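Trainee: I am new to this structure and would like a close look at a single part of it, the place where the ligand sits. Please set that part in its surroundings as well.

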Amino acid sequence: MKVEAKQEMESTKKLVTGADVLIDALVEAKVDTIFGYPGGAVLPIYDAIYRSNAPFEHVLSRHEQGSIHAAEGYARVTGKPGVVIATSGPGATNLVTGITDAMMDSLPIVIFTGQVANSVIGTDAFQEADVMGITTPITKYNYQVTDLLELPKVVKEAFHIASTGRPGPVVIDIPKNISSQLSDAVYDDHFILPGYQPNKKPNPLQITKLAEALNKAKRPLILAGAGVVFAKASEPLIAFAEKFKLPVANTLLGLGSFPGSHELSLGMAGMHGTYAANMAIYECDLLINIGARFDDRLTGNLNHFAPAAKVAHIDIDPAEIGKNVPTEIPVVADAKEALQALLNTSAEPGDQGSWRDHLATYQREYPLWYDRSEGFISPQWLIEQVHKLSNGEAIVTTDVGQHQMWAAQYYPFEKPNRWVTSGGLGTMGFGFPAAIGAQLGAPEELVVSIVGDGGFQMTFQELSVVKEKSLPVKVIIVNNQALGMVRQWQESFYEKRYSESLFMENPDFVKLSDSYGIHGMRVEKEKDVPQVLQEALTYDGPVVVDCRVVQETSVYPMIAPGKGIHEMIGVRK
Amino acid sequence: MRRIITATVQNRSGVLNRITGMLYRRQFNIESISVGASETEGVSKMTFVVEIEDHQKLEQLTKQLNKQIDVLKVSDITEKAIVARELALIKVVGSGQLRAEIQGIITPFRASVIDVSRDSLTIQVTGRPDKVEALISLLKPYGIKELTRTGVTAFLRGQQPAQVTELNSFTI
Ligand SMILES: Cc1ncc(C[n+]2csc(CCOP(=O)(O)OP(=O)(O)O)c2C)c(N)n1
Ligand SMILES: [Mg+2]
């Protein structure tokens, strides 16, 4: 609508607060869920929420970290921006871990923080924190609103920045005088961002180069990362891999972008990836990275990473190309656009000789393995049971640690947006609140949260939210009475000096759940697992299952720190 | 290698903090930064002099700068025909006899004395950094009480020769 026309129509507009203007902007941005926590500096916003009949739901967490991880889970599953509100000072600083997590894993999150009134900013006022200073290095962009007239434009811009290009978190810091200001102004939310024009379309020359390389390659390989998921490019990825008969390895965050059961899938690569995926990287002569950032947990020692390969890298973020691994064929583009362009070339698959048979031999001879323990529950087997009893169709969120790696290894996904884990930052406490956001984003789906006994204790206060909102999240605690991943590293690299990694005390998780009014169960013997899991997964409502697993279990195979991708330990024939 | 990189940026609040924070976090070695208005209202011009290990790091630097939402354009002008200038204010100890001597030293540099007190004088010099450097080292023996340099600001010359033979990385 033209500004003048709007002006005329709304000349009799009544006075509203800045917070009301914010609510309108959120409605305009089609927000359906807000994760937040009130406090002094956002009282005007919460009052506006109370008075408004806007079509969104507010979810009150029990800690701001819970809000932001929930927003992350929501964003992963829906592909839409997650929205968070927190108060100034401690409210904002409680978000720091989650904002950093979202930055590392490229999640679109828009965060509103309250701020003390403009007149006292810089005076160390009550609950003042330098939110702009603190969040600058951990956001894609941030704003402090100094003029109410700008607010709708800032909100629109923020949603645009958060959700386009390489997604990321955007913070909007709103001083209390702005949110409480009365005004009948007419707003213009039109924006231009001349310095921000993400390039979606690939350069045709680069596509031709890549097609030529494909045709010449004898041992080609795709490495598919989360960029494929963000670009909604799974279908063209499958078509591309099938057309050129390309084996596909996934990064941790790229799991689900390519069906785990597909004959071309090699599974996950990296520190705890499959032997076949890692050896494929080591031996390939053309590595096509689609939307992954060559993180060190994937590459291992860079000197041994893909030593024989010509590297092609498709990424929407040019700064990721060539950052860690020298790249011959850079393609700056959205993964979907690039894959479609590749499918439209007349390129033919090259002669791969016995490459795929060779990889199949690796897969057959060096599969993932674990020892089942007598009577007790081995954690890998437990995950396999969860996979089986949920038909591999659940949305799975995890925390960080051994259970996370086992979930990545033993819960293969057929579809994208069903795997919710903290990759880049490795944030303990992420898994359970993320499941809340995932369930709100996908109310009809089975959401299983696989967490460690350590990490769950960082954010289990959100059980109240699950109860309050009747969210049927299934929490599976892989309880090894330990900070298992720390224990494992101490076992392997510090001569079993288990410094502060074994829990002497844990809460009774069943009673804990009971106290929140949530159905709690415990399982200690292997033979009881199928029945307990069956009951839990089909239970009409939230459940917490305390699964006692064997403590002395390690995640294998593994690339030890400093080692090359071809030097995996814990590989078994 | 030493590189001169310029960036035009949207003059939003916090932009300088965002850029310098990024450079610090990613361990780029900045020798100087100068910032000021440009020919366009609302757009500032930044000039960085950086010490960079290799081309891969240099590429990262320009990409990371370009990635900033407020950055409009980034150019590595090291190998172009450019004008690069910096201003320094140098307060040296000097009275009586010495003053004439100092005057004699600064004249060839087209520097000028802009403040005089009983026992010191302040010299202003503008020019390429190597020239500023040379003057500073000549004045050192007299005792430098205070020194401030603006950092280099630079842009392309109006005319670019077909091929630039002289690399600015050696001369600046
Ligand atoms: C916030 C945070 N603190 C510390 C760590 C380091 N860390 C990584 S895994 C891990 C152990 C996690 O224990 P638990 O949640 O029980 O999972 P397990 O490894 O036993 O499956 C720790 C302490 C981390 N990743 N995040
Ligand atoms: Mg544990």
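This is a predicted model: local features need pLDDT of at least 70, side-chain atom pairs count only at pLDDT 80 or more; totals for chains, interfaces and linings use all residues.

**The ligand site and its surroundings**

Mentor: The secondary structure of chain B amounts to 5 helices and 9 strands. Read from the N terminus, the elements of chain B follow the order β-α-β-β-α-β-β-α-β-β-α-β-β-α. Along the principal axes, the C-alpha atoms of chain B fill a box of roughly 55 × 40 × 30 Å. Chain B has 172 residues, and 40% of them are buried. Among the contacts in chain B with a separation of 6 or more, 74% are between residues 24 or more positions apart.

Next comes the contact between the two chains. Chain A contributes 23 residues to it and chain B contributes 17 residues. Between them, about 1500 Å² is buried, and carbon and sulfur atoms give 46% of that area. On the side of chain A, the residues A:Tyr141, A:Gly195 and A:Ala319 supply 34% of the area buried against chain B, more than any other three residues.

Now to the part you asked about. There are 17 residues around ligand 1, and those that come nearest are A:Gln402, A:Gly426, A:Gly454, A:Gly455 and A:Gly484. Sorted by class, this shell holds 7 nonpolar, 9 polar and 1 charged residues. Three helices of chain A each supply at least two residues of the shell: α18 (402-410), α20 (453-459) and α22 (484-493). Of the shell around ligand 1, α20(A) gives the largest share, with 4 residues.

Several close atom pairs can be picked out at the site. The side chain of A:His403 has an N or O atom 2.8 Å from an oxygen atom of ligand 1. A polar backbone atom of A:Gly454 also lies 2.8 Å from an oxygen atom of the ligand. At A:Met428, a polar backbone atom is 3.3 Å from a nitrogen atom of ligand 1. The ligand taken alone exposes 590 Å², and the protein buries 76% of that area.

Helix α19 of chain A, residues 431-441, is mostly covered, with 10 of its 11 residues buried. Among those buried residues are A:Gly431, A:Phe432, A:Pro433 and A:Ile436. Helix α2 of chain A, residues 18-28, is mostly covered too, with 8 of its 11 residues buried. The buried residues of α2(A) include A:Asp20, A:Val21, A:Leu22 and A:Ile23. Just after α2(A), A:Lys30 has a positive phi of about 60 degrees.

Two further residues of chain A complete the surroundings. A:Thr113 belongs to strand β5, residues 109-115. Its relative accessibility is 2%, and because buried means under 20%, A:Thr113 counts as buried. The side chain of A:Thr113 makes a polar contact of 2.7 Å with the side chain of A:Asp173. Apart from neighbours within four places in sequence, A:Thr113 is in contact with residues including A:Val42, A:Ala86, A:Leu95, A:Val131 and A:Ile172.

A:Ile121 is placed in the loop between β5 and α7 (131-135) of chain A. With a relative accessible area of 28%, A:Ile121 is partly exposed. Leaving out neighbours within four places in sequence, the residues in contact with A:Ile121 are A:Gln115, A:Val116, A:Glu128, A:Gln144 and A:Pro175. A:Pro175 is 54 residues away from A:Ile121 along the chain, yet their C-alpha atoms are separated by 8.6 Å.

Terms used
Residues are numbered from 1 along each chain as its sequence is written. Chains are lettered from A and ligands numbered from 1 in the order in which they are written. Side-chain values use heavy atoms; hydrogens and water are left out. A residue is near a molecule or strand if one of its heavy atoms lies within 4 Å of it. A polar contact is a pair of N or O atoms within 3.5 Å; within protein, one must be able to donate a hydrogen and the other to accept it, and residues adjacent in sequence count only if both atoms are side-chain atoms. Accessible areas come from the Shrake-Rupley method with a 1.4 Å probe; for residues, only the protein chains shown count as cover. Ala, Val, Leu, Ile, Met, Phe, Trp, Tyr, Cys and Pro count as nonpolar, Asp, Glu, Lys and Arg as charged, and the others, Gly among them, as polar. Buried means under 20% relative accessible area, exposed over 50%, partly exposed in between (1.4 Å probe, protein chains only). Contact means heavy atoms within 4.5 Å. Buried area is the accessible area (1.4 Å probe) that two parts lose on being put together, summed over both.
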